[in-house]
Each structure stands twice: as structure tokens, then as C-alpha cells.
Amino acid sequence: MPVLARTLEAAGLSTVLVTMMPNWAEMIGTPRTLAVEFPFAHTLGAPGDHEMQMRVIRQALEVLETAESPGTIAHSNEVWPQEGKEAVRVWQPTEPSPIISVMGPKIRQLLRERRRKSSMSKPKE
Amino acid sequence: MPVDSFKYLPRLIGAIYETTDVQKEIPIPWTPLERPISECTFGLVTSGGLYQRGVEPPFDLQRERLEPTWGDPTYRTIPKDITSVELGVSHLHINNEAVESDINVLLPVHRFDELSQEGRIAGSSDHHYSFMGYQGYPPDTTAWREIYAPAVAEKFKSEGVQCVLLTPS
């Protein structure tokens with residue numbers, strides 16, 4: 001998505017990106033960004049919560065108006081109304097995506113190796 | 001408090017993000033606002049995999065199922081007055097229920113009508129656009145950069161758009 005913002009901006013449009021992944025926006029470099037701590041698939045707020053959606057959009061418009069240089073990232077203070085576990089569950093598809101099915105075992109192995117390395121590198125008491 | 005990008009990600013998916021190489025391209029593009037946003041027409045773009053049923057096809061999920069490292073780079077046109085019956089969602093990486101029940105969580109067509117009515121913005125374009133965010137693993141955004149996003153930019157400009165709000169999913 002940051003790539004789309006960059007390409008539209010380069011074509012002469014003024015853009016603002018609202019995202020749950022500000023680290024991704026920072027790594028790729030987006031012109032103007034509002035970060036929200038929301039679950040994926042709920043970028044502007046909860047379905048049916050028009051006031052929350054409008055608050056987020058108004059914050060994004062302020063970023064658009066006030067950002068003075070490319071790479072501006074503002075952080076919203078909106079709080080997601082559900083508990084963490086529920087927020088993790090609510091956005092995920094009912095079955096894993098094809099790439100997760102393929103990559104899952106490899107990534108799990110990588111995580112196991114990381115954990116083993118980090119436990120071996122801990123100083124012994 | 002800064003937003004934690006990984007707060008609602010399972011460790012497995014967080015690890016995929018962490019192990020994906022991205023290159024920051026400098027300079028970051030910049031188009032300054034040339035007028036107050038109360039005089040600007042807005043376009044909306046999401047990567048939520050939205051499409052208009054009966055008018056355009058869904059994103060090509062069948063090919064993605066056969067080639068999991070590939071993602072459909074094309075886009076779909078979403079008229080601003082699309083109804084909930086017409087709205088289709090094709091995306092294998094998220095739960096589509098939220099946007100199916102309220103399009104505004106990703107493509108805020110009704111909120112922008114309200115902003116226009118109150119005079120905060122001049123208006124929004126008659127057509128908005130959706131991509132599907134999964135662009136393969138490792139991600140390949142060449143077609144977005146070279147073909148499809150420039151095409152969307154030209155369509156927006158032909159409708160008098162100056163500003164764009166983007167929402168990933």
C-alpha cells in the first residue's frame with residue numbers, strides 16, 4: 001500500500017495513508033501517514049461506528065493539511081474497543097491464506113531456531 | 001504512545017513481515033497541497049479486494065490458490081454510490097465480514113459524503129478504486145508502480161481529484 005501512495009503522489013496527487021503498519025510505511029517511505037492501532041481489515045474503525053470512523057478520517061485530513069515534509073507519520077490515540085485476543089481473531093480469514101499454508105512450517109522452524117539461539121546467548125548465572 | 005505495528009498480528013504473520021526485505025527509495029515523492037482541502041475533491045483507494053458484483057470480476061484468487069507466491073496486481077472501479085448488495089470482496093488474507101457489513105471501514109464513501117455536506121472538503125469523485133493488497137511473496141509491486149497505480153492516477157485526475165485517502169486492509 002505505501003507503494004500505491006508513493007506512485008499516486010509522484011503522479012501529482014496529494015495523498016494520506018491510514019495504516020496499522022507504520023513500521024512498513026516508514027521502511028518504504030510514504031508521503032503522509034496516520035498510524036492506527038487497529039486490527040487489520042478495520043482500518044478506519046469498527047463497522048457501524050460512524051463516529052469512530054469520522055474521528056480517524058478527520059485526523060487523517062489534519063495530517064494531510066499540516067504535514068510539512070515527506071515521510072511524516074502521525075500516531076492516532078484511538079483505542080480499539082475489543083480485547084487483544086479478540087482483536088487478533090476478528091480480522092483473520094476463516095482458513096489460512098495459501099502462502100501461510102505453504103510458508104507456515106518454514107517460518108515456525110525459523111522462530112524455533114531464533115528462540116534456541118536467543119536462549120543459548122543468554123548469560124549463565 | 002506510538003502505534004505498535006505488531007500488536008494484533010499472530011507471531012507467524014509478524015515473522016513473515018519481519019523477514020521480508022524492503023528497500024526505502026529516497027526521495028519520497030511529494031505533491032504539496034495547493035489549496036485548502038475545503039476546495040479539494042477527494043478520491044479513495046483501498047487494498048481490501050473490493051469489486052462491484054455483476055460489473056467487474058473478483059480479483060484472481062483462483063490463480064493465487066494455485067500459485068501462492070503470486071498476487072493479483074490489477075484494480076477494480078468502485079462507484080461512490082455502490083450498494084451493499086453490489087459490493088463484493090475477494091481477499092484471502094483477511095476476514096471480509098467487517099467491510100461487507102460496512103464499506104466505510106475501508107472505503108469511506110458515506111463519511112466523505114458527510115464531510116462534503118458540512119463543507120470540510122469540496123467533494124469526492126464519482127469513482128474510487130480498490131486493489132488487493134497481497135502482491136506475492138516476496139512482494140512484487142512492479143505492476144502496481146508501472147501500470148496500475150499510474151492508470152488510477154490518470155482516472156482520478158480526469159475526474160478533478162486533487163487528494164487521495166488510502167487504506168490498506
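Two residues are in contact if their C-beta atoms, placed from the backbone, lie within 7 Å. The structure is a predicted model, in which local features need pLDDT of at least 70 and side-chain atom pairs count only at pLDDT 80 or more, while totals for chains, interfaces and linings use all residues. Residues are numbered from 1 along each chain as its sequence is written, and chains are lettered from A in the order in which they are written.

**View 1. Fold of chain B.** Of the contacts in chain B with a separation of 6 or more, 80% are between residues 24 or more positions apart. Chain B contains five helices and seven strands, where helices (H or I, at least four residues) and strands (E, at least two) are DSSP runs numbered from the N terminus. Their order from the N terminus is α-β-β-α-β-β-α-α-β-β-α-β. Chain B is as compact as a globular protein of its length, because its radius of gyration of 17 Å is close to the 15 Å that the globule rule gives for 169 residues. This radius is taken over C-alpha atoms, and the rule is 2.2 Å times the number of residues to the power 0.38. The C-alpha trace spans about 45 × 40 × 35 Å along its principal axes.

**View 2. The largest nonpolar core.** Such a core is a set of buried Ala, Val, Leu, Ile, Met, Phe, Trp, Tyr and Cys residues joined through C-beta atoms within 7 Å; buried residues have 20 or more other C-beta atoms within 10 Å of their own. Of its 71 residues, A:Leu4, A:Ala60, B:Phe42 and B:Val164 touch the most other members. Helix H3 (residues 50-66) of chain A supplies the largest share of this core, six residues. Beyond its neighbours within four places in sequence, B:Val164 is in contact with A:Leu8, A:Leu13, A:Thr15, B:Phe42, B:Gly43, B:Val45 and B:Phe156.

**View 3. The contact of chain A with chain B.** Chain A contributes 67 residues and chain B 61 residues. H5(A) gives the most to the side of chain A that touches chain B, with nine residues.

**View 4. Helix H5 of chain A against helix H1 of chain B.** H5 (residues 98-120) of chain A and H1 (residues 11-18) of chain B pack at an angle of about 85°, with their axes 10 Å apart. H5(A) is therefore roughly perpendicular to H1(B), a term for angles of 65 to 115 degrees. Axes are lines fitted to C-alpha atoms, for helices over the stretch in contact, and angles run from 0 to 180 degrees between N-to-C directions. A:Met103, A:Gly104, A:Ile107, A:Arg108, A:Leu110 and A:Leu111 meet B:Arg11, B:Leu12, B:Ala15 and B:Ile16.

Notes. Angles under 35 degrees count as roughly parallel, over 145 as roughly antiparallel, 65 to 115 as roughly perpendicular and the rest as oblique. A residue is buried if 20 or more other C-beta atoms lie within 10 Å of its own, exposed if 12 or fewer, and partly exposed in between; C-beta atoms are placed from the backbone.
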